[in-house]
Amino acid sequence: MVKKSELPSMKDLLAFMNENNADKRDVAKAFHIKGDDRIKLKEMIRELKQSGSLVPTPKNKDKNSDKIPENCPCVITGLDSEGYLIARPMDWTSTKPMPQIIITDCSKIRPAPTTGDEILVKLTPVGKNTFDGKVLRKISDAPNQIVGVYDGSTKTGRIVSVDRRINHTFAVSENKGAKNGDVVICELQGSIFDSRTAKIKKVIGKSTDAHCASLIATAIHGIKTEFSLDELKAAKKLKLPSFAKRTDLRTIPLVTIDGEDARDFDDAVFAEPTENGFHIIVAIADVAFFVTSRSVLDSCAYSRGNSVYFPDRCIPMLPAELSTDLCSLKPNEDRPCIAVHLYINKSGKLEKHKFVRAVMRSAARLNYHEVQDVFSNKNSPLNEELKRHILDLKSAYEVLAVARKERNSLELYVPEREIYLSADGKIKNIKARERLDSHKMIEEMMILANVAAATALEEHEIPTLYRIHEPPSPEKKLSLKTSFSQMNISLKKGDQEELNKIISLHEHDSASFLINELILRSQSQARYCPENVGHFGLALEKYVHFTSPIRRYADLTVHRGLIKALNLGADGLEDEDIDLTEIGEHISYTERQAKAAERDAEDRYLANYMASHIGEQFTAIISSVNQFGLFVRLDETNAEGLIPISSLQNDFYDFIESQNALIGTRTKTTFKMGQHVNVLLVEAVPVTGGLLFSLIDSRLKKQSSSKHKQKDKFKNKKRKKK
């Protein structure tokens with residue numbers, strides 16, 4: 001094989017390109033070809049094409065081709081709801097829907113592939129446009145990096161990875177002042193099979209610091225945490241616009257309603273009754289005025305794609321001068337906005353709408369609990385006029401809620417965790433976030449504004465990025481049906497109406513969380529796309545994101561489209577060289593990247609919190625079963641961890657894939673999804689987010705004599721190793 005610094009021979013080049021369906025970009029990355037050698041490579045590939053010996057790839061075929069090579073260069077975009085890596089083809093040019101690729105086999109690639117890695121994947125079709133993927137190799141030419149904890153107990157020190165998938169340590173070849181217990185970013189020295197050494201590049205915190213959970217997550221998932229000097233300079237130069245030509249909404253008591261810990265306020269609402277229904281105003285910060293197309297700040301927002309939210313910090317899409325000041329709808333301060341007047345009838349149907357570029361002044365910054373107290377007629381310190389406006393908002397919401405129910409919007413509720421931190425960053429408590437009517441009210445009004453935006457753009461034939469959500473694939477429906485059957489729940493059509501009935505029927509069951517989560521897992525992943533296919537979950541024919549341009553680039557793109565469509569200014573969407581398909585793919589990726597990082601940090605916070613509860617007993621539900629054990633979810637905190645098969649005593653357990661269950665060979669004791677169990681917390685590792693439990697189950701104690709105990713434990717351990 002050629003050395004990394006050399007061009008491949010014609011024979012090697014031909015073999016590589018035909019075997020891997022590769023193009024020039026793939027070859028350059030695989031053989032580390034740079035500079036002038038790229039020109040030589042281009043000439044070699046041209047010669048192969050002219051000779052007829054090079055098999056054309058889908059990239060060289062018709063743009064509308066829906067074929068995908070068996071060995072496909074892909075980029076990992078995040079994790080799905082079951083924790084599997086998901087990927088997309090690196091250069092997808094077809095107008096057909098993007099294939100769904102789930103990485104089910106990483107082979108022995110080390111360090112294990114993660115979000116952002118470019119890999120060559122062998123694809124196996126498992127359904128219509130859905131593939132299982134086996135990683136053949138990495139094709140990124142960037143150095144391998146890991147995040148780990150520095151252990152100074154050895155002579156040179158060693159690195160223990162914070163990634164649970166990397167189960168060995170690395171010797172330290174170069175230490176940049178790291179001390180015992182520091183969390184560090186390292187560059188691997190060669191292959192994992194060679195030296196197993198790592199060079200410390202940066203210390204990012206202490207492993208004992210609660211704040212470190214979010215720092216680790218940003219490092220692992222490649223989240224940008226700092227703005228460049230040019231971006232900061234550009235933000236500091238910005239000033240409020242002249243309000244002379246804007247619609248004046250300052251006398252209307254628009255209010256912002258957010259969580260107590262909200263870090264930006266980019267939407268405000270107002271409602272009043274009319275003869276036929278309600279007049280609602282949704283006002284959104286005018287980010288497009290400050291962040292113009294092709295500017296430094298536009299590149300900044302696009303590269304990040306969205307803001308990222310952790311329990312202890314927010315990593316904004318835009319610098320603080322915008323995100324917490326000029327684009328934040330602070331109470332009693334004039335702010336530019338794009339507002340939409342929405343008129344609904346008594347059935348909740350949107351009859352007409354009007355978008356304006358305006359100036360507003362928020363009458364109050366309210367939180368959800370304050371608004372809920374007014375809804376519930378509890379004592380409230382708010383003045384009577386403000387209470388009256390809040391009750392008008394409630395009345396408008398009640399009409400919208402009826403319309404939502406009639407169209408059979410999917411009523412999923414998978415509660416988010418609320419992590420309470422003290423001033424010094426220590427975890428005080430973790431619990432499920434409440435789902436209040438005040439939350440639902442804001443959600444419905446934002447949905448209504450988003451529908452109006454999509455309608456306006458379609459009416460004026462302006463291309464845009466739709467927020468699309470395709471119906472579940474037949475394979476996903478079958479998987480959900482199988483899971484439900486194990487819980488004695490019958491599923492027939494799997495449409496929104498039937499799913500809503502199941503959710504409602506089991507609303508107060510202890511398995512409610514799992515039922516909602518299983519339905520969520522069965523859904524296609526929502527994404528941004530210029531081709532509209534509707535939104536299955538919301539049961540809407542057209543839908544865009546308009547209401548959060550301060551934290552989502554998609555919304556900024558929609559604002560620019562509206563400005564152009566309605567002649568609201570000179571800073572609208574440009575036609576030239578705007579590739580909405582590429583933008584949609586990129587920000588769909590950054591959204592998944594952010595969600596993976598947020599989930600990652602949450603797991604570490606949970607493990608940190610649970611570390612003080614080792615040895616305690618908890619009630620839990622089995623959330624999934626596989627060949628190496630049971631995953632259980634605690635009732636109180638929704639923390640999830642593993643009961644290894646090696647810890648199950650009194651029998652030898654087989655994983656029966658067709659039943660998705662562990663079954664004892666002698667006692668026939670069965671463990672399957674949805675069962676309630678009592679567990680003991682054995683281990684909690686904050687830096688990895690890992691939790692290990694053991695089972696406390698009276699059934700097991702009665703089913704086997706002690707002479708089988710050690711024998712079965714040995715068998716289970718042996719099976720695990722296999």
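N626 touches F631, F655 and L662, leaving out residues up to four places away in sequence; contact here means heavy atoms within 4.5 Å. Everything below comes from a predicted model, where local features need pLDDT of at least 70, side-chain atom pairs count only at pLDDT 80 or more, and totals for chains, interfaces and linings use all residues. Residues are numbered from 1 along each chain as its sequence is written, and side-chain values use heavy atoms, with hydrogens and water left out.

Back to N626. This residue sits in strand β24 (residues 617-626); helices (H or I, at least four residues) and strands (E, at least two) are DSSP runs, numbered from the N terminus. At 13% relative accessibility, N626 counts as buried, where buried means under 20% relative accessible area, exposed over 50%, and partly exposed in between (1.4 Å probe, protein chains only). E657 is 31 residues away from N626 in sequence, yet their C-alpha atoms are 7.9 Å apart in space.

Now for D334, which is found in strand β17 (residues 334-345). With a relative accessible area of 19%, D334 is buried. Setting aside neighbours within four places in sequence, D334 is in contact with L240, F243, R250, V359, M360 and R361.

The table puts side-chain reaches from both residues together. A polar contact is a pair of N or O atoms within 3.5 Å; within protein, one must be able to donate a hydrogen and the other to accept it, and residues adjacent in sequence count only if both atoms are side-chain atoms.

| Side chain | Partner | Distance |
|---|---|---|
| D334 | R250, side chain | 3.0 Å |
| D334 | R361, side chain | 2.8 Å |

Last stop: helix α12. Its 13 residues (474-486) reach 19 Å from first C-alpha to last, close to the 18 Å expected at 1.5 Å a residue; that expected span is 1.5 Å times one less than the number of residues. L480, S483, F484 and Q486 are the buried residues of α12. Looking down the axis of α12, these buried residues fall within an arc of 155°, so they line one face of the helix; the arc is that of the directions from the helix axis to the C-beta atoms. An α-helix has 3.6 residues a turn, so residues three or four places apart point the same way.

What covers the buried residues of α12? The cover includes α13 (496-505), α14 (512-522) and β29 (670-672). P474 and L478, on the other side of α12, are exposed. Just after α12, N488 takes a positive phi of about 60°.
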